[in-house]
Amino acid sequence: MRRPGARGWARTSPTSPACQRSWPMDSGFPGRTAFGDQTFLIGEQAAGQRLREELRLRGLRRVVVFASASARASGVVDEVVASALSDCEVRMWSGTILAHAPIAQIEQIAATLQDDGGEIDALLSIGGGKVVDTAKGVAIVLAEGAPLERHRAHRNETGTMVYPPLSRPKLPIVAVPTTLSGAEVTPGCGLTTDQGRKRIFWDRKISARVICHAPEVLGTVPAEVLTTSGMNALAHCAEAMYSKTSGHLASAFAAMGAEYLASGLLGFRDGPPEALSSLGAGSSLAALAICNARTGLHHAICHVLGGMFKIPHGDANSIVLPHALRFNLPATLPQQERFLRAVAVSVPLSAGATAPDAVATLQSLLGVPTRLREAGIAESELGRAAEAVLDDPARFYNPRDIRSAAEVETVLRAAW
Ligand SMILES: [Fe+2]
């Protein structure tokens, strides 16, 4: 039998200097999970202390903080700075982070940081998708240069998606999420032009390296924000299970994510910290799933509703999901059956219920928005919205081919 070390491998012992330098090996907090260079801290134990230790292990000392207005107002930012960043030099971005991560604001922030000078080890985001997407955009500009438009994913003249190689090293991003969008996990970000068009940027190096989901943070978030962003995460699971590029691992992440999300969404109001941890875990699993499987028609619609009509992403997801599932049902029966089983662990359903029925039941139990007409979009706008959906890259991953704007409009009308 070969012994460790006998053929020149694994010669280090747990106390050798080599092991002491190896950060993934020497931190054993409950709830800490590392995939590649990404670490997830999810659980009920002293989040601030765990995050401080993670930053120390990675040598991240000079930190620029971006935070949402609500995270400042709730005191979460002060707590994170006092507990997790007590060993760091902290520069706080004091401006308001705008919704939908406008490209103009991101370029302005990056220019200000460059003008100010000073070394930066990491960008830390405290907030939801718009905050971490802003940090991602800033990381791209600082590394690759302005204007951002130069670096966006786009279709070439033959219709093939082109992802410009953003090969320069990026500042690591650390995220303390206050929503369940999972934006911090993914290698992509959706940034918005002055004309309200969503631009997609894609680089593995802008995925947050450290993601800290803590009940004491999620517990400060208004219930309606958690429920709508939870519906967004649930949509990530559904789409990841049946997209054209889904696979075994993405599907497994998505199924487990859907189970955690449904139970967390129904349980978090009563206050057990485990329910909030389930939401954090479900959000991260959903995001790991879409990193690989991508999203489809549902998200193509939600991108347009956000970019053109300023409907918040969580609200758009809450409204559209059952209708997008129904459109795709004939092409994805086995996948939707698996999604249904995951949701049905917590959601009470009658016999013969389908996945769209399960989502509709969850909508009513949570009290999330269900109608586009109530979200501020006029019926006469649906045709224009449907045309714009055809331009969104996500629709190409949809399992059922979309041949015309009229097909998209039927989904929008059902949701209206
Ligand atoms: Fe989403």
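A salt bridge here is a side-chain nitrogen of Lys or Arg within 4 Å of a carboxyl oxygen of Asp or Glu. The model is predicted, so local features need pLDDT of at least 70 and side-chain atom pairs count only at pLDDT 80 or more, while totals for chains, interfaces and linings use all residues. Residues are numbered from 1 along each chain as its sequence is written, and side-chain values use heavy atoms, with hydrogens and water left out.

**Exercise 1.** Work out which parts of the chain the salt bridge between Arg199 and Glu149 ties together.

*Solution.* Start with the contact: the closest N and O atoms of Arg199 and Glu149 are 3.1 Å apart. Arg199 sits in strand S10 (residues 198–202), and Glu149 in the loop between helix H6 (129–144) and strand S6 (154–155), so the pair ties together parts that are 50 residues apart in sequence.

**Exercise 2.** Find how Arg413 and Glu409 are placed in helix H16.

*Solution.* First, the bridge: the closest N and O atoms of Arg413 and Glu409 are 3.0 Å apart. Then the spacing: the two are four residues apart in helix H16 (residues 405–415), which puts about one helical turn between them. Finally, Arg413 is partly exposed at 39%, and Glu409 is partly exposed at 21%.

**Exercise 3.** Describe the site of the iron ion and say what His236 and His313 tie together.

*Solution.* List the donors (N, O and S atoms within 2.8 Å of the metal, or 3.2 Å for Na, K and Ca; water is not among the atoms, so sites may look incomplete). They are Asn232 (OD1), His236 (NE2), His299 (NE2) and His313 (NE2), at 2.1 to 2.3 Å. Now the geometry: the angles among the four donor atoms run from 81 to 167°, and the site is irregular. For four donors, tetrahedral needs all angles between 85 and 135 degrees; four count as square planar and six as octahedral if opposite donors are over 155 degrees apart and all others between 65 and 115, and anything else is irregular. Along the chain, the donors follow N-x3-H-x62-H-x13-H. His236 lies in helix H8 (residues 223–242) and His313 in helix H12 (residues 313–328), so this pair ties together parts that are 77 residues apart in sequence. To finish, His236 is buried at 4%, whereas His313 is partly exposed at 28%.

Methods: Buried < 20%, exposed > 50% of the residue type's maximum accessible area, 1.4 Å probe, protein only.
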